[in-house]
Amino acid sequence: KTLRLLPREAPPAASPRRSPSAPAALGGELQTADRAAWQKYRCAEGSVEARYYKGSAGPEAQIRYKGGILTAAYSAAGSDEDLTAFSDGTQTWTIGNEFGNDFYKEGNGFLVHHEQAEGIDGTEATVDNLLLHECTPVS
C-alpha cells in the first residue's frame, strides 16, 4: 500500500453523480447501466470487475471489489490526457487513456481510497490508500 499526503486545497476527484466537462465522445458508444457488460481486470493484488455506461450526467463506472460495488461518475478533476478517472469522492477508479473511445480496452487501472487525516503540521490532509494497481483487462 502506498500512502501520500495531499494539501487540503486538492480535494479528491469530482463529487458523486456529477460529471463536469466530460468530453462528448469519451468512452465511445456507451450502453445504459442495465445493458453494460462487465470487464474483468487482473491486478497485482488479484482481480476486479468494472463496467462503463452512460449515466444521467455523462460516463459512469461501477467497480466490483471485495464483495461490494462502487458506483462512480466521470471525474474531470482526476482525469488528464493520460488517465480517465471515475470517483464517488471517497474512492477513485482510474484507467489509462490510450484508446479514448473504448474504456473496455484500457489498462493501467488502479483503485484508490481517500481518507481525511491530520497532517504532520496539524493541518487536515487527504491520504490516498492504493487498493489495487497494475490492472489490465482480461480478454
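Buried here means under 20% relative accessible area, with exposed over 50% and partly exposed in between (1.4 Å probe, protein chains only). The model on screen is predicted, so local features need pLDDT of at least 70 and side-chain atom pairs count only at pLDDT 80 or more, whereas totals for chains, interfaces and linings use all residues. Residues are numbered from 1 along each chain as its sequence is written, and side-chain values use heavy atoms, with hydrogens and water left out.

Begin by selecting Cys 43 and Cys 135, whose sulfur atoms lie 2.1 Å apart and form a disulfide (a pair of cysteine sulfur atoms within 2.5 Å). Cys 43 belongs to strand E2 (residues 39–43) and Cys 135 to strand E9 (residues 124–137), so the pair ties together parts 92 residues apart in sequence; strands (E, at least two residues) are DSSP runs, numbered from the N terminus. A search of the whole structure finds one disulfide. Looking along the S-S bond, you will find 110° about it, a right-handed link, and both Cys 43 and Cys 135 are buried.

Next, move to Arg 51 in strand E3 (residues 46–55), which counts as buried because its relative accessibility is 14%. Displaying its contacts (heavy atoms within 4.5 Å), and leaving aside residues up to four places away in sequence, brings up neighbours including Trp 38, Glu 60, Gln 62 and Tyr 104.

The side chain of Arg 51 reaches the backbone oxygen of Ala 33 at 3.1 Å, and that of Ala 36 at 3.5 Å.

Note on methods. Helices (H or I, at least four residues) and strands (E, at least two) are DSSP runs, numbered from the N terminus. A polar contact is a pair of N or O atoms within 3.5 Å; within protein, one must be able to donate a hydrogen and the other to accept it, and residues adjacent in sequence count only if both atoms are side-chain atoms.
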